[in-house]
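Q: Could you take me through this structure step by step, and say for each term what makes it apply?

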Amino acid sequence: MTGGRSLAPRRPIFPLLTALLLATLVASVFLGRYPRPYWTPPRLLWEDPLARQLILNLRLPRVIVACLLGMVLSVAGSVLQMLFRNPLVEPGFLGVSQGAAFGAALAIIVLGARSLALQGVAAFFALGGLLLSYALARHIRYGGWTLRLILAGIAVSALFSAGVGLLKYVADPLTQLPELVFWLLGALWSVTWTDALAFLPIALVALTVALLMRWRLNVLSLDDAIAISLGSAPARERALLLILVVAATAAGVAIAGIVGWVGLIVPQFARRLFGADARHALPGALLLGGIFGLVCDNIARVTFAGEVPLGIVTSLLGAVLFALSMVLPTRTDAAA
Amino acid sequence: MNPSTIALDQVVFDYEDHRHRAKALFDGLTLEIPAGTVTAILGPNGSGKTTLLHLILGILAPDAGVVLLAHRPREQYSRRDLGQLVGLVSQNEYLPFNFTVLEYVLLGRAPHLQLLQTPGQKDVAIARRVLTEIGLNHLAQRSIQSLSGGERQLVMIARALAQQPRILLLDEPTSHLDLANQERVLATLAQQAEQGVTVAFTTHEPNQAAAVASFVVLMRAGQVLHAGPMADVVSAPYLTATYGVPVEVVEVKGRRFVVPGREG
């Protein structure tokens with residue numbers, strides 16, 4: 001048969017990507033619109049107290065969150081795709097994103113402006129969305145476990161979507177609605193050190209465990225019967241990974257709002273670059289995700305005088321890349 | 001009894017039908033598969049062959065009765081120990097991700113590794129040795145989705161062999177293969193049995209059993225009709241009872257062939 005090209009992992013890319021991520025990270029700190037559009041010269045760190053304040057207190061936490069968010073969404077996407085044995089799954093499945101959106105909307109309407117309470121409520125409903133999907137899936141009486149979870153996730157997401165629609169409808173169009181819409185589009189403009197430090201621990205734990213279990217993920221992507229015959233306890237191991245990546249995603253969504261496409265498109269590209277084996281594809285998705293998060297947020301905050309919501313940038317870039325990836329000839333990474 | 005024997009004693013297993021009513025599939029199934037043989041579990045579709053394999057592996061738990069592996073009740077094994085003892089090749093395994101052949105065969109090393117461990121040089125060497133043994137080393141870097149049906153099935157077997165199991169279970173390993181690949185797969189099974197692995201495979205095709213098995217289990221509707229050496233069990237009266245249609249057994253060049261017989 002044709003098409004049997006070597007799929008050996010291209011490992012020399014790793015140092016290159018790591019360097020690129022670090023360069024993007026450093027450059028992002030100096031990209032901005034002060035004192036003039038696009039670039040803040042590093043010497044201003046010493047010379048201009050306002051620039052120093054701006055960089056250390058506003059830009060730095062935001063850049064860290066953008067990078068971590070990209071990593072978390074990408075790794076979560078990779079993990080979910082392998083756990084659900086479906087290369088088209090992303091963290092928006094299982095009612096997580098819509099649950100968070102509903103929680104945030106509720107907080108904006110009931111509790112008023114953005115606050116830590118908003119993040120707490122959003123995270124609470126994100127996890128609630130997962131638990132509800134899980135509980136519903138257990139009671140669906142047909143189909144395999146994966147199909148049942150995905151069906152339950154669709155139902156739960158739709159439920160929360162309806163709730164968000166209702167809250168939009170009753171929101172005060174002058175005060176609450178703009179904030180609600182902006183949050184639903186996803187944005188990092190209000191990120192503080194408090195947000196960054198709240199996000200950091202859960203993000204690091206989830207990323208570390210996922211990376212440590214990266215080879216095991218391959219086993220968990222096999223049929224249940226085969227995974228069991230290979231000495232794995234798929235239900236338990238999947239639950240552990242699922243809870244961790246969803247908790248990290250919920251924490252990210254609580255800060256940033258709905259940032260779509262990252263968790264779908266980055267894992268796809270990582271598999272194209274590094275092959276299907278998660279030993280290479282998962283670290284690849286981590287690095288690419290960090291870069292993607294930074295680049296998208298830089299575009300969102302630097303391009304125009306006013307902020308473009310991050311979710312719009314990720315959707316735009318994600319959709320274009322996704323379309324390109326389907327049209328351009330590459331080796332297949334997913335069964336039809 | 002040899003240490004790699006499989007034995008089922010009075011196993012009861014109910015399944016839920018589409019109306020969620022419990023129906024008995026096995027009602028006191030007793031069976032012993034001798035060590036070091038190639039055993040064919042032969043029977044029409046729906047006779048419970050796959051369920052039997054899943055009960056042996058603990059993917060399904062019996063409602064009553066005992067499954068013994070190497071003299072020990074199966075529940076006494078940890079998942080990992082069981083993974084080191086028994087390998088499984090299932091029917092039409094679906095692979096959503098396009099691993100290379102070597103990456104996939106390496107997954108067979110999972111029961112020998114800890115939860116967070118990744119395979120090392122020794123595991124790669126074992127995976128490569130298995131591929132060489134069954135003549136597929138030249139495919140090591142190929143993507144699994146680019147393989148032909150026969151190559152793919154052999155790669156699935158290679159993954160199970162990389163587990164270095166003492167018992168190898170296969171569910172319909174030849175069902176979608178052409179003649180040449182059927183022979184390749186069956187020859188691989190015979191070769192494993194010669195090396196001391198206990199091989200048991202399900203099939204609904206009596207000629208497969210006659211070709212390679214030394215021990216044959218005839219199943220129908222959740223019951224073992226006959227179990228014994230191939231020469232005794234692959235016979236016209238037994239197969240006629242199993243399949244419900246008249247069959248004849250003919251011998252060509254020392255090999256038995258089963259052909260549908262004529263009425264009367």
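Q: What makes A:V63, A:A66 and A:C67 in α3(A) part of a contact with α13(A)?
A: In this predicted model, two residues are in contact if their C-beta atoms, placed from the backbone, lie within 7 Å, and on that basis residues of α3(A), including A:V63, A:A66, A:C67 and A:M82, meet residues of α13(A), among them A:A278, A:L282, A:F292 and A:D297.

Q: How do the residues of this contact divide into nonpolar, polar and charged?
A: The contact of α3(A) with α13(A) holds 16 nonpolar, 6 polar and 1 charged residues, and because Gly counts as polar, A:G70 in α3(A) and A:G289 in α13(A) belong to the polar class.

Q: At what angle do helix α3 and helix α13 of chain A pack, and how far apart are their axes?
A: Helix α3 (residues 49–83) and helix α13 (residues 278–302) of chain A pack at about 145°, with axes 7 Å apart, and the crossing of α3(A) and α13(A) is right-handed.

Q: Why are β11(B) and β12(B) called paired strands?
A: Two strands pair if at least two bridges are found between them, and 6 bridges join β11 (residues 247–252) to β12 (residues 255–260) of chain B, so the two strands count as paired. They run antiparallel, B:V249 stands opposite B:V258, and the hairpin they form has 2 residues between the strands, with B:K253 in the turn at a positive phi of about 50°.

Q: How many residues of chain B are in contact with chain A, and which element gives the largest share?
A: In chain B, 36 residues are in contact with 35 residues of chain A, and α2(B) gives the largest share of that side of chain B, 4 residues.

Terms used
Residues numbered from 1 in each chain as written. Chains lettered and ligands numbered in written order. Predicted model: local features only at pLDDT ≥ 70, side-chain atom pairs only at ≥ 80, totals over all residues. Axes fitted to C-alpha atoms, helices over the stretch in contact; angles between N-to-C directions. Left-handed = near helix turned anticlockwise from the far one by under 90°.
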